[in-house]
Amino acid sequence: MINIALPKGRLGERAYGLFERAGRGCEEIRSPGRKLVFENPEAGVRFFWVKPSDVPIYVERGAADLGVAGKDVLLEHSPDVYELLDLGIGRCAMCVAGPRGWRAPEDATLRVATKFPNIARRHYAKSGRAIDIIKLNGSIELAPILGLSDVIVDIVETGTTLKENDLEVIERFLPISARLIANKAGYKFKFKDISALSADMTEAAGEAD
């Protein structure tokens, strides 16, 4: 049995659709209710739902053999896992955004509000820019509006929320999509089964495109 951690929410539902298309579905998973673990012994898979940011933890620690995680989560937390496949879903970009028409003075320390402090630090380190990181967990767009920060570093998909709050993308610097990741030990001991599943997922992802 291959244990697979899926992120709760829209991304996880889209990822599960690929598993289903790859012949590794579990009909019970679409039933309403609060159940978190679903098995299909015939397909050799067991799925469970977890918080998106927790997927790499379950995989790294071996509770899951495989998982689906956004590239943003992987880059922010740097888990010790194998990245097997770009699933091509959940496409968006990590961006710097700020008030419409605003540009920071070059010699000032830039105040940056973000959910992704590690990604933000690495990005600005490339240019040697002095920054002050303000770690937030939600409503990032409020920070520059209320003067808490100069800019934000966050994921942007459509840009609608930015526009509605008179913000705009200043720099789009990192493409993001969902990845299929594997536990290193599990990949070794279940190599044949995981390789077969990964090949089926590659085909399913190609069909989805």
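This briefing walks through the predicted model shown above, from its overall build down to single residues.

The model is predicted, so local features are given where pLDDT is at least 70 and side-chain atom pairs where pLDDT is 80 or more, while totals for chains, interfaces and linings use all residues. Residues are numbered from 1 along each chain as its sequence is written, and side-chain values use heavy atoms, with hydrogens and water left out.

**The whole protein**

- The protein has eight helices and 11 strands; here helices (H or I, at least four residues) and strands (E, at least two) are DSSP runs, numbered from the N terminus.
- Picture a box of roughly 60 × 35 × 30 Å along the principal axes: the C-alpha atoms of the protein fill it.
- Of the 209 residues, 45% count as buried. Buried means under 20% relative accessible area, exposed means over 50%, and partly exposed lies in between (1.4 Å probe, protein chains only).
- The accessible surface comes to about 11,100 Å², and carbon and sulfur atoms hold 48% of it. Accessible areas come from the Shrake-Rupley method with a 1.4 Å probe, and for residues only the protein chains shown count as cover.
- Among contacts between residues at least 6 apart in sequence, 67% join residues at least 24 apart. A contact means heavy atoms within 4.5 Å.
- The protein carries 29 positive and 30 negative charges, and their mean positions are 2 Å apart. Lys and Arg count as positive and Asp and Glu as negative, while His and the chain ends are not counted. The place of a charge is taken as NZ of Lys, CZ of Arg, CG of Asp or CD of Glu.

**Salt bridges**

- A salt bridge is a side-chain nitrogen of Lys or Arg within 4 Å of a carboxyl oxygen of Asp or Glu. By this rule the count comes to 12 salt bridges.
- One of them pairs Glu83 with Lys71, and their closest N and O atoms are 2.9 Å apart. This pair links distant parts of the chain, with Glu83 in strand β5 (residues 82-86) and Lys71 in helix α3 (residues 71-77), 12 residues apart.
- Arg179 is buried, with a relative accessible area of 13%, whereas Asp86 counts as partly exposed at 34%.
- These two pairs belong together: Lys71, Glu83, Asp86 and Arg179 are linked in a network of salt bridges.
- Another salt bridge joins the side chains of Glu168 and Arg103 (3.7 Å, N to O). Glu168 lies in strand β10 (residues 167-176) and Arg103 in the loop between β6 (92-99) and β7 (110-114), so this pair ties together parts that are 65 residues apart in sequence.
- Glu168 counts as partly exposed at 21% relative accessibility, and Arg103 is exposed at 51%.

**A nonpolar patch and its surroundings**

- Leu142, Ile145 and Leu146 form a nonpolar patch on the surface, with about 300 Å² of accessible area together. Patches are made of residues with over 30% relative accessible area and no salt bridge, where like charges are joined within 9 Å and nonpolar side chains (Val, Leu, Ile, Met, Phe, Trp, Tyr) within 5 Å.
- Leu146 lies in the loop between α5 (142-145) and β9 (151-156), and Leu146 is exposed at 66% relative accessible area.
- Asn165 lies in the loop between α6 and β10 and counts as partly exposed at 31%.

**Loop residues with positive phi**

- Asp166 lies in the loop between α6 (160-164) and β10. Its phi is near 60 degrees, a positive value in a residue other than glycine, and Asp166 is exposed at 53% relative accessible area.
- Ser139, in the loop between β8 (131-135) and α5, has a positive phi of about 50 degrees although it is not a glycine.

- Asn3 lies in strand β1 (residues 2-7) and counts as buried at 14% relative accessibility.
- Leaving aside neighbours within four places in sequence, Asn3 is in contact with Arg46, Phe48, Ala63, Ala64, Asp65, Leu66 and Lys190.
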